[in-house]
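Welcome! Here is a short briefing to read beside the structure.

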Amino acid sequence: MEANVLLLKTINELNKYSFFIPAYQRGYRWSDKEVIDLLNDINDFIPRLVDEVTGEKTWYCLQPIVVRPRENSEYEVIDGQQRLTTIFLIWHYLNQDFVEKRRDKLFSLTYETRRNTQKFLGLLDDTNTIDDTNVDFYHISVAYKTINDWFEKRDENFDQGDFRSKFKFSSKIIWYESLEEDSIAIFTRINIGKIPLTNAELIKALFLNSSHFEKKAEEKLRLKQLEIASEWDNIEHRLQDDRLWFFLTGNTKETNRIEFIFDLMKENDDKDTYATFRYFSERIREDNIEEFWGKVKSYYQSFLDWYDDRELFHIIGYLLAINATTIKEVYAQSVCMTKSNFKIYLKQIIKDCFKNVKFSELQYGEKNVEKLLLLYNILTMLKTQKDNSYFPFDLYKTGNWDIEHITSVKEAIPEKNQKAWLDDAKVFINTSVSEGRKLKERAENCDVSNEEEFKALFEDIVSHFNKDVNDDDINDISNLSLLDSATNRGYKNAVFPLKRKTIIDRDKAGIFIPICTKNVFLKYFSDYPPKISFWTQDDRENYENDLYEVLKEYLPGGQDE
């Protein structure tokens with residue numbers, strides 16, 4: 001079966017080719033910045049030896065060009081003509097160091113829409129003349145001037161011979177040769193992002209390239225390629241499940257999620273766009289391709305095993321959510337431990353996160369509060385075995401979260417919409433007592449434009465609802481909960497009963513409310529009968545006791561107390 005060809009070619013290997021730029025391609029439009037970035041990247045790259053026996057060195061990877069063979073050994077450029085033209089311009093400039101008979105013979109570029117472009121390219125010189133005969137000549141001559149100026153600005157330590165060597169022999173282009181008939185269809189798919197040449201797409205071509213398999217009968221080879229292609233699609237499809245994906249990562253990547261596995265497998269820490277592809281292209285050979293694919297499946301199977309084990313799902317998901325470790329490190333440990341020891345190892349990481357935390361002294365604004373409240377929600381959900389519920393890391397990682405005061409804070413006076421705040425609050429004032437009736441009357445007649453009048457009324461209303469709590473410890477963890485920003489900022493330091501109503505309404509609407517936050521506002525920690533409109537000191541103490549009981553395994557000395 002025919003497959004697209006994926007190769008790596010040094011720039012020097014391009015000089016034997018003739019390229020045809022079809023009419024559906026736009027003209028040359030690279031800016032100064034793009035040209036200079038390419039020159040800087042090549043200049044800054046330092047090859048290093050990776051194999052003392054073969055002498056193999058690392059190389060700089062340029063982005064792909066997509067070509068299709070035509071008659072007479074010519075190649076139609078489907079994607080990458082801007083890059084290819086710039087390579088030609090740099091090479092043409094470097095050629096000027098030599099007399100004509102010693103110059104490199106450069107690859108040819110023929111443009112369907114401007115047939116005299118090939119001649120124009122060959123006549124470029126260092127006079128820095130900007131040719132405005134047509135828009136293509138203008139942009140090409142500007143780019144050539146940029147190249148000339150870049151070299152002119154190098155200091156005395158710059159070695160042009162060293163640059164030429166890195167350019168020709170240490171820079172490789174990804175050569176993606178398509179055997180499809182309809183080149184316009186290929187061009188369209190690439191440019192609407194349906195088949196972007198990401199690391200994943202390029203690595204897939206490596207895995208399905210016939211030359212990388214051991215020499216087998218044609219039918220067996222075809223079946224092996226089909227097997228890998230099918231398994232590839234199954235893995236990608238499964239990773240599209242956001243609950244699995246955001247358990248593993250906070251990346252919002254929509255396509256080619258399998259690339260996540262390849263990024264984990266690569267051992268180099270190079271930062272260029274195609275570092276992952278380079279890693280695989282340097283290592284995949286015909287005698288190890290099935291071994292490499294087996295490693296990909298091993299990563300994937302481990303992810304599924306963690307996901308299906310409810311305890312591992314919550315512990316690993318939590319550690320990754322708070323960036324306490326990396327999934328690469330988690331995987332490395334998982335393959336060398338029994339499952340029970342692996343769980344002990346993961347729990348120890350959590351304990352280490354809080355080894356210096358004094359639970360009773362935690363206050364609003366401290367960095368460990370959100371981590372502990374998140375852990376509290378996860379552990380609470382984990383211990384509810386009967387409903388087999390899972391914490392939605394997809395919703396947590398794609399949302400914004402706040403630490404919210406359960407009952408109002410006097411210092412947080414609304415700066416806007418004061419009348420709306422009063423209208424919301426006065427509905428819940430207890431008018432069965434004289435104090436409440438007077439307070440509601442003041443709320444109905446308050447002149448909110450009078451700053452002092454509103455401030456005094458605001459503080460009295462907050463005191464009315466906070467009468468059973470101690471204002472001195474209003475910022476303690478016993479008065480804090482985890483809540484999404486939209487809900488929190490939507491009610492702007494509202495009184496407790498309005499917060500409660502808002503939580504219930506949003507929960508009914510299907511908006512995710514963390515289980516412990518919901519328990520707080522549904523009065524799960526209250527003695528019966530509960531005071532629905534008030535968050536009392538008893539509520540706070542019961543809530544704090546539950547927090548500690550759930551979290552104590554991970555707090556300093558918690559297991560012993």
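**Cysteines, a helix and a loop serine**

C353 counts as partly exposed because its relative accessibility is 29%; buried means under 20% relative accessible area, exposed over 50%, and partly exposed in between (1.4 Å probe, protein chains only). This is a predicted model, where local features need pLDDT of at least 70, side-chain atom pairs count only at pLDDT 80 or more, and totals for chains, interfaces and linings use all residues. Residues are numbered from 1 along each chain as its sequence is written, and side-chain values use heavy atoms, with hydrogens and water left out.

**Cysteines**

- The count of disulfides (pairs of cysteine sulfur atoms within 2.5 Å) comes to zero.
- C336 is in no disulfide, and its nearest cysteine sulfur, that of C353, is 20 Å away.
- C336 counts as exposed, with 56% relative accessibility.
- C353 is in no disulfide either; the nearest cysteine sulfur belongs to C516, 19 Å away.

**Helix 24**

- Helix 24 covers residues 537-551, 15 residues in total; helices (H or I, at least four residues) and strands (E, at least two) are DSSP runs, numbered from the N terminus.
- Its buried residues are D539, R540, Y543, L547, V550 and L551.
- Seen down the axis of helix 24, these buried residues fall within an arc of 100 degrees, so they line one face; the arc is that of the directions from the helix axis to the C-beta atoms.

**S526**

- S526 sits in the loop between helix 23 and helix 24.
- With 16% relative accessibility, S526 counts as buried.
- The side chains of S526 and D539 are joined by a polar contact of 2.8 Å. A polar contact is a pair of N or O atoms within 3.5 Å; within protein, one must be able to donate a hydrogen and the other to accept it, and residues adjacent in sequence count only if both atoms are side-chain atoms.

Key:
The expected span of a helix is 1.5 Å times one less than its number of residues.
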